[in-house]
Amino acid sequence: MPQLDVLYLFQGIATLVMGDPLIAIGRIVLIALGIAFVYLGARGTLEPLIMIPMGVGMASVNAAVLYLSATTMGTIFIDPMVSNPVKLLDALQINFLQPIYTYTFSNGLIACLVFMGIGVITDVGYVMMAPFSSMVIAIFAELGTIATFPVAVWMGLTYKEAASIAIVGGADGPMVLFTSLMLAKDLFVPITIVAYLYLSLTYGAYPFLVRLMVPKRLRGIKMDLKSIPKISSGEKLTFAIITCTILCLLFPVAAPLFMSFFLGVIVKESGVTRFIEFIEGPVLYGSTFFLGLLLGVLCEANTILNPKVLILLILGSLALLISGIGGIIGGYVMYFLTKGKFNPVVGIAGVSCVPTTAKVAQKEIQKVNRHALILPFAMGANVSGVITSAIIAAIFVTLLR
Amino acid sequence: MGPLQVAVVTYLICTIISLGVAGIIKLLFGIIKLQRKEAVPVAAEISVKPEPSR
């Protein structure tokens, strides 16, 4: 019988004991964080659709580090840094998640599929019923993105990295993924993780911001729902195809995002049931599942322990905070323009975390006035937020790529 | 361009395009409303016009 080497047999433990102590501590922290994500996702504190697969991936990948050769350590999950075609071919045959990463993640396809799913569950009619007020709020809610960009540059990030982290202010996960893949491939893993982590926290944090910025008496304002025009599917379809074409014409570099979103909208409005069921079911949930899983698997200590992560954490929260404040300022602008008929809380929905922020607005208003219904207006601002975030992402990518 | 300039230019372009999108929606509604208004008198005219006997 050959001599039994315990450390050779249990390589996950061996790499933990024999490797760099800092990386070992990082691995243990990330395993604990992964388990916490699963727990908090299952409890509903964090977004379960992303956090459960992400937590499982994060805990597993950091536990499963092994010796790939006598001197190198790694995993057989994924190698995000491989670029040499021959090595990539090897990785595709060895790492079990490599094909999904290479063919759907690193080219932004998964972000576009999620965006298509968002399109199919989005009703653009909400924007069309009050286009100017929705857009004004959404523009104000982009203040976080705009203000964070120069701050990030002053904190030492390059323009491309700064733009990628600033986009977190738009509160749109697929958009952050797309922009960081285009502009800062080396940092896209921590940036996207920071984005998704904070986006799951918006549901808990934004209500406090609303209560802090809007007094109770204004929070209870009832909005006039009778003046809302009825919008037909044909009108929504016409708007979607015209806007999609114009935006693709203006920003070809972000055309995959625009096309995916408006394709979803057009499929929904055209009423092709089979396509609607396919996109809002398998496409949206399938891509969300793999997005979460791959983000978790990419959180390997070696990849994620980057000195810039702390800066990204600060900047991500700053971007979302300023966007929330900006959105509420937009709500106040509409309140004054309409001489008190507009509920300023709707402003928070300009932060385009569809439909979370719209739900936050409705929930906060209903706590003060049970009869106040603002959800259609909040959804309008929400969908407009998606459009303005995509426009800003497109401008950043076009200017800085 | 400095970072502040990039931010300002981006915001300005975003504002113009976003308001442009809102303008498209308004225009679309305007055209649809106008078509509906025109369609009503034409329909009334057709219904009043006597049918030629065949």
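A nonpolar core is a set of buried Ala, Val, Leu, Ile, Met, Phe, Trp, Tyr and Cys residues joined through C-beta atoms within 7 Å. The views below come from a predicted model.

**View 1. The largest nonpolar core, with 149 residues.** The residues with the most contacts inside this core are A:Val168, A:Val346, A:Ala361, A:Ala378, A:Ala390 and A:Ala393. Helix H21 of chain A gives the most to the core, with 17 residues. Domain 1 (1–75) and domain 2 (107–400) of chain A both contribute residues, so the core lies between them.

**View 2. The contact between chain A and chain B.** Chain B has 1 helix and 0 strands, and buried residues make up 17% of its 54 residues. The contact takes 26 residues from chain A and 19 residues from chain B. In chain A, helices H9 (131–140), H10 (143–154), H11 (159–166), H15 (233–250) and H21 (375–400) each supply at least two residues of the side that touches chain B. H21(A) gives the most to that side, with 7 residues, and by class the side of chain A has 21 nonpolar, 3 polar and 2 charged residues.

**View 3. The crossing of H9(A) and H19(A).** The axes of H9(A) and helix H19 (residues 308–337) of chain A come within 7 Å and cross at roughly 145°, and H9(A) passes H19(A) in a right-handed crossing. From H9(A), the contact is made by A:Ser133, A:Val136, A:Ile137 and A:Phe140, while H19(A) brings A:Gly326, A:Gly327, A:Ile329, A:Gly330, A:Gly331, A:Val333 and A:Met334. By class, this contact has 6 nonpolar, 5 polar and no charged residues.

**View 4. Helix H12 of chain A and its surroundings.** In helix H12 (residues 173–183) of chain A, 11 of the 11 residues are buried, so the helix is largely enclosed by the rest of the structure. Among these buried residues are A:Gly173, A:Pro174, A:Phe178 and A:Leu183. The buried residues of H12(A) pack against helix H7 (109–120), H11, helix H13 (188–213), helix H16 (255–270) and H21 of chain A.

**View 5. A:Val214, a buried residue in a loop.** A:Val214 lies in the loop between H13 and helix H14 (216–219) of chain A. A residue counts as buried if 20 or more other C-beta atoms lie within 10 Å of its own, and A:Val214 is buried because 24 other C-beta atoms lie within 10 Å. Not counting residues up to four places away in sequence, A:Val214 touches A:Arg219, A:Ile328, A:Pro344 and A:Val345. The C-alpha atoms of A:Val214 and A:Gly340, 126 residues apart along the chain, are separated by 13 Å.

How values were computed. Residues are numbered from 1 along each chain as its sequence is written. Chains are lettered from A and ligands numbered from 1 in the order in which they are written. This is a predicted model: local features need pLDDT of at least 70, side-chain atom pairs count only at pLDDT 80 or more; totals for chains, interfaces and linings use all residues. Two residues are in contact if their C-beta atoms, placed from the backbone, lie within 7 Å. Helices (H or I, at least four residues) and strands (E, at least two) are DSSP runs, numbered from the N terminus. Ala, Val, Leu, Ile, Met, Phe, Trp, Tyr, Cys and Pro count as nonpolar, Asp, Glu, Lys and Arg as charged, and the others, Gly among them, as polar. Axes are lines fitted to C-alpha atoms, for helices over the stretch in contact, and angles run from 0 to 180 degrees between N-to-C directions. A crossing is left-handed if the near helix is turned anticlockwise from the far one by less than a right angle, and right-handed if clockwise. A residue is buried if 20 or more other C-beta atoms lie within 10 Å of its own, exposed if 12 or fewer, and partly exposed in between; C-beta atoms are placed from the backbone. Domain bounds come from an automatic or database domain assignment.
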